[in-house]
Amino acid sequence: MARYAYEDATDRVRLRAGSGGGWIRMFWFAVAAAALGFAGYVFAVPYQRVMNALVQRTSELGEARVASEAAVAERDKLKADVIRLEAGAKDKEAADAKKRGGADALGTLFKASLEELGAAVSVDAGHVAISFPADKIIDSNGIDVSDAGQTALKVLAGALKKNGGNARVKAQFSNTPPPKDLRSLFKTAGEMSAVRAARVMSVLHDAGIAPEHLATFGEADKPIARPPARGKKAPPPQPPPDRVDIEIDPD
């Protein structure tokens with residue numbers, strides 16, 4: 001009996017001691033958890049702020065890099081355009097200088113060979129203008145090229161083949177009536193001029209000028225108006241002189 005009573009009392013003491021140790025352990029565990037949470041809050045919040053700032057700064061740097069690369073690409077494009085335009089301007093200037101030189105040379109040659117045949121030769125802006133009075137180059141029928149005109153045109157064609165270039169024959173647009181002996185064929189002097197231009201171009205082609213180097217173009221007549229005399233009725237406008245014009249564009 002005494003042994004049982006002693007063991008029972010001992011068990012009670014152990015139970016009380018074990019129960020008190022568990023609460024103590026739970027208390028210290030709670031304290032440790034609270035300390036860990038506090039430490040996590042103290043360190044995690046600033047860390048998260050730093051990470052957010054770092055991400056934002058990285059994004060800003062990426063956008064700045066993209067903008068910088070776009071600016072560099074645009075600068076390189078503009079630089080290439082400037083170089084191309086400068087090269088084109090230099091090429092054009094060289095081509096214009098060459099054309100002016102060719103026009104001066106052809107003008108000198110045509111003046112020496114065609115002015116004695118009645119032509120007026122002038123050079124302007126890289127073009128050579130040759131103007132023949134109609135009676136120096138057109139036959140008495142008013143349409144065909146005369147023998148003297150064929151001789152002059154063959155001289156022109158020979159120089160053009162040797163030096164290179166294009167010939168354009170001008171057809172004057174005019175509403176004035178043609179000469180009386182041609183009114184049965186043409187309604188206006190403009191129609192007559194167009195036929196003459198075609199005949200001149202045909203002679204140049206027969207003289208050896210390739211078709212791709214020949215053309216015709218039209219230009220309206222500008223009648224010369226004379227001022228009326230005092231007290232007299234103004235005379236009708238006078239048509240321009242009857243002529244055949246040829247323009248030469250050097251290669």
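Proline 178 is found in the loop between β3 (165-173) and α4, and in this predicted model proline 178 counts as buried, at 2% relative accessibility. The protein as a whole has 4 helices and 5 strands, which follow one another along the sequence in the pattern α-β-β-α-α-β-α-β-β.

**The chain as a whole**

- Of the 251 residues of the protein, 24% count as buried, and the protein exposes about 17,500 Å², of which carbon and sulfur atoms supply 61%.

**Helices α3 and α4**

- Two packed helices are described by the angle between their axes and by the distance between the axes.
- Helix α3 and helix α4 (residues 189-206) pack at an angle of about 55°, with their axes 9 Å apart, which means that α3 is oblique to α4.
- The crossing in which α3 passes α4 is right-handed.
- The residues that meet are Gln150, Leu153, Leu156 and Ala157 on the side of α3, and Val200, Val203 and Leu204 on the side of α4.
- Leucine 153, which has its place in helix α3, counts as buried because its relative accessibility is 0%, and the cut-off for a buried residue is under 20%.
- The C-alpha atoms of leucine 153 and valine 200 are separated by 8.0 Å, although the two residues are 47 residues apart along the chain.
- With residues up to four places away in sequence left out of the count, leucine 153 touches Val200, Val203 and Leu204, and also Ile137, Val145 and Ile246.
- Arginine 196 is found in helix α4 and is buried, with a relative accessible area of 6%.
- The residues that arginine 196 touches, not counting those up to four places away in sequence, are Ala134, Ile138, Gly142, Ile143 and Asp242.

**Loop residues**

- Proline 178 touches Arg183, Phe186, Lys187, Thr188, Ala189 and Met192, when residues up to four places away in sequence are not counted.
- Between proline 178 and glycine 142 the distance from C-alpha to C-alpha is 9.6 Å in space, while in sequence the two are 36 residues apart.
- Serine 146 lies in the loop between α2 (134-137) and α3 (147-163), and serine 146 is buried, with a relative accessible area of 11%.
- The side chain of serine 146 reaches the backbone nitrogen of glycine 149 at 3.1 Å.
- Leaving aside residues up to four places away in sequence, serine 146 touches Lys136, Ile137, Ile138 and Asp139.
- Alanine 125 is found in the loop between β1 (120-124) and β2 (127-133), and alanine 125 is exposed because its relative accessible area is 59%, where the cut-off for an exposed residue is over 50%.
- Most residues other than glycine have a negative phi.
- The phi of alanine 125 is near 55°, which is a positive value in a residue other than glycine.

- Not counting residues up to four places away in sequence, glutamate 247 touches Val128, Asn166, Ala167, Arg168 and Phe217.
- Glutamate 247 and histidine 127 are 120 residues apart along the chain, yet the C-alpha atoms of the two are separated by 6.9 Å.

Notes: Residues numbered from 1 in each chain as written. Predicted model: local features only at pLDDT ≥ 70, side-chain atom pairs only at ≥ 80, totals over all residues. Heavy atoms only, no water. Helix = DSSP H or I, 4+ residues; strand = E, 2+ residues; numbered from the N terminus. Buried < 20%, exposed > 50% of the residue type's maximum accessible area, 1.4 Å probe, protein only. Areas by Shrake-Rupley, 256 points an atom, 1.4 Å probe, with all protein chains shown as cover. Polar contact = N/O pair within 3.5 Å; in protein donor to acceptor, adjacent residues only side chain to side chain. Contact = heavy atoms within 4.5 Å. Axes fitted to C-alpha atoms, helices over the stretch in contact; angles between N-to-C directions. Parallel < 35°, antiparallel > 145°, perpendicular 65-115°, else oblique. Left-handed = near helix turned anticlockwise from the far one by under 90°.
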